Amino acid sequence: MDSPLITQLFRQLFSHRASQCLARGARPALATACPLRSQRRGKASRASRLGDGETSRESKWQPRNMAFPYERTEEFDRYPVVTADMLRSRRERPRRVKMLLRDFIEDSLYNPNYGYFSKQVVIFTPGDPFDFPALPSEHAFFQQLRHRYTDFEDALDYQEPNDLRQLWHTPTELFSPYYGEAIARYLVEDYKYNFYPYHDLNIYEMGAGNGTMMLNILDYIRDCHPEVYERTRFRVIEISSQLAQLQQQGLGQSAYARGHADKVEIVNRSIFDWNQYVSSPCYFLALEVFDNFAHDALKYDLDTGAPYQSHVVIDPRGELYEYYSRTLDPVAAQFLERRHAACKSYPHPLSGSRLMASIRSLMPFHSSLSMPEYIPTRLMQFFYILYQKFPNHKLISSDFNKLSDTVEGLNAPVVQTRYKRQMIPVSTPLVHQGYFDILFPTDFDVIEPMYTAITGRFARTYSHEDFMLGRADLEETQTRNGENPLLSWYKNASVMITV
């Protein structure tokens, strides 16, 4: 993180009061075929008062020192251990505390007052659906998308210029309404085969962005399957208050959409706070949410194989330091036990040659611990929520199976922000809370058997292309030369559904 552009970015971040940054939110998607990367937004004004260690002038800013200051261990030992739940009511980023890495990530992304998804994100809306059959090629679609992207952000800058705007695009928006209609076809087909007419079509969507998927699904069912529409109930579980309000507004933007109002309930709550038992059959949509579930990081002793768990310390100046402890918390230990029981094999930092690892450990200044492995502990907890609160659910999930520009480690995240309309990846998840997207790839070869082991329900994983081939209206998304962006984009995404 020592490039001039990143240095300039951090100077701007730390010369402004974080609590005065404004934004609204959604959920990011990366397309390997598309250089347009998702980002964010927020306007900051200079701090009127200073906390412990905060600088009063930009010239006092210094690049972070990543080395753990062992001479301060006694000081750090006195800091209390906190969790993301304990920090929810805080309006300022915490100082003089320590926490597990997953709590740091959870707080950075979802804190109601300064979290990335609560305050820093704008979702790109392209306007009218793209007329794919009228476009000569996929390249023409990309060029038109670039123009719409620029026009969209120019309009935002006209209202309020902002170098730190975080702007995303998602397949739901880019391919609306066709992407949502493909999901709706699967829902109706499965519902008619398994539950109609004895049960209602109950749909839950977690992390619904601005509500486009919800509207596309309900529009399709109303227009094509009115008998099913009469039995349809749609509930959104949305952690962001701003997004919940945006979704509610979307139901009233047109008479066509207002017709769904009696079908929809928007629950402004984290799924991890869900306390209602849903006994009836239901479908649970989790589209591009796994990647922003908080992870823990582990390192392994190269000699004994013993795991060490990552913790984050925040000092009085807001500087962040990472250390690893031999003591695993119960959630991380449970994940390792579940994975070992459910999976015949899986990638591991110690899977390579133990001889080579031993040789590397003997090199000067080389750690006796392996590279970090990031484990999806929050995703495991989500599976337990499904098992305990939605025992008759069917899960429809989609997410990225690999990502580029990740930090070092196995199953490591991309940590990135957007500055002056340019995406900037950085090399550590220990970043200023709320200003960076932290997104992880999902190893479906591991997650699918773990889902089955926890919920008792079997699942099947498809490539994004294979899932769409069987359910999307391909004629509506095919260009004149036969290319189809709905199939060719998102090559790094998979779809996992309960069978």
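Predicted model: local features only at pLDDT ≥ 70, side-chain atom pairs only at ≥ 80, totals over all residues.

Student: How many bridges join strand β13 to strand β14, and in which direction do the two run?

Tutor: The general idea comes first. Strands of a sheet pair through backbone hydrogen bonds, and the pairing is either parallel or antiparallel. Here, β13 (residues 414-419) and β14 (residues 422-426) run antiparallel and are joined by five bridges. Another of the pairs links Val415 with Val426 in β14.

Student: What do β13 and β14 form, and how many residues are between them?

Tutor: They form a hairpin, with two residues between the strands. In the turn, Lys420 has a positive phi of about 50°.

Student: In what order do the strands of this open sheet come?

Tutor: The order is β14-β13-β15, three strands with antiparallel pairing. At the edges are β14 and β15 (437-439), each of which pairs on one side only. On average, neighbouring strands of the sheet are turned by 30° against each other, direction ignored.

Student: Let us turn to helices. At what angle do α12 and α15 pack, and how far apart are their axes?

Tutor: Two packed helices are described by the angle between their axes and by the distance between the axes. Helix α12 (residues 330-342) packs against helix α15 (residues 444-455) at about 100°, and the axes are 9 Å apart. Angles of 65 to 115 degrees count as roughly perpendicular, and α12 and α15 are therefore roughly perpendicular to each other. Phe335, Arg338, Arg339 and Ala342 of α12 make the contact with Val446, Pro449, Met450, Ala453 and Ile454 of α15. Sorted by class, this contact of α12 with α15 has seven nonpolar residues, two charged residues and no polar ones.

Student: Which residues of α7 and α16 meet?

Tutor: From α7 come Tyr179, Ala182, Ile183, Arg185 and Tyr186, and from α16 come His464, Phe467, Met468 and Arg471. The angle between α7 and helix α16 (residues 464-471) is about 75°, with the axes 9 Å apart; the two are therefore roughly perpendicular to each other. By class, the contact of α7 with α16 has six nonpolar, one polar and two charged residues.

Student: How many residues has the largest nonpolar core, and which have the most contacts inside it?

Tutor: This core has 62 residues, and Phe175, Leu187, Ile217, Ile221 and Phe234 have the most contacts inside it. Helix α7 (residues 178-194) gives the most to the core, namely nine residues. Apart from it lies another core, of 41 residues, including Ile237 and Val331.

Student: Is Thr232 buried or exposed?

Tutor: A residue counts as buried under 20% relative accessible area. Thr232 has a value of 0%, so Thr232 is buried. Thr232 is found in strand β5 (residues 232-238) and touches Leu201, Ile203, Leu218, Ile221 and Lys263, residues up to four places away in sequence not being counted. Thr232 and Ile221 are eleven residues apart in sequence, and their C-alpha atoms are 8.6 Å apart in space.

Student: Where does Ser397 lie, and is Ser397 buried or exposed?

Tutor: Ser397 lies in strand β12 (residues 393-400). With a relative accessible area of 0%, Ser397 is buried. Leaving out residues up to four places away in sequence, Ser397 touches Ala286, Leu287, Phe290, Ser494, Val495 and Met496.

Key. Residues numbered from 1 in each chain as written. Heavy atoms only, no water. Axes fitted to C-alpha atoms, helices over the stretch in contact; angles between N-to-C directions. Helix = DSSP H or I, 4+ residues; strand = E, 2+ residues; numbered from the N terminus. Parallel < 35°, antiparallel > 145°, perpendicular 65-115°, else oblique. Contact = heavy atoms within 4.5 Å. Nonpolar A, V, L, I, M, F, W, Y, C, P; charged D, E, K, R; others polar. Buried < 20%, exposed > 50% of the residue type's maximum accessible area, 1.4 Å probe, protein only. Pairing = 2+ DSSP bridges. Core = buried A, V, L, I, M, F, W, Y, C linked by side-chain atoms within 4.5 Å.
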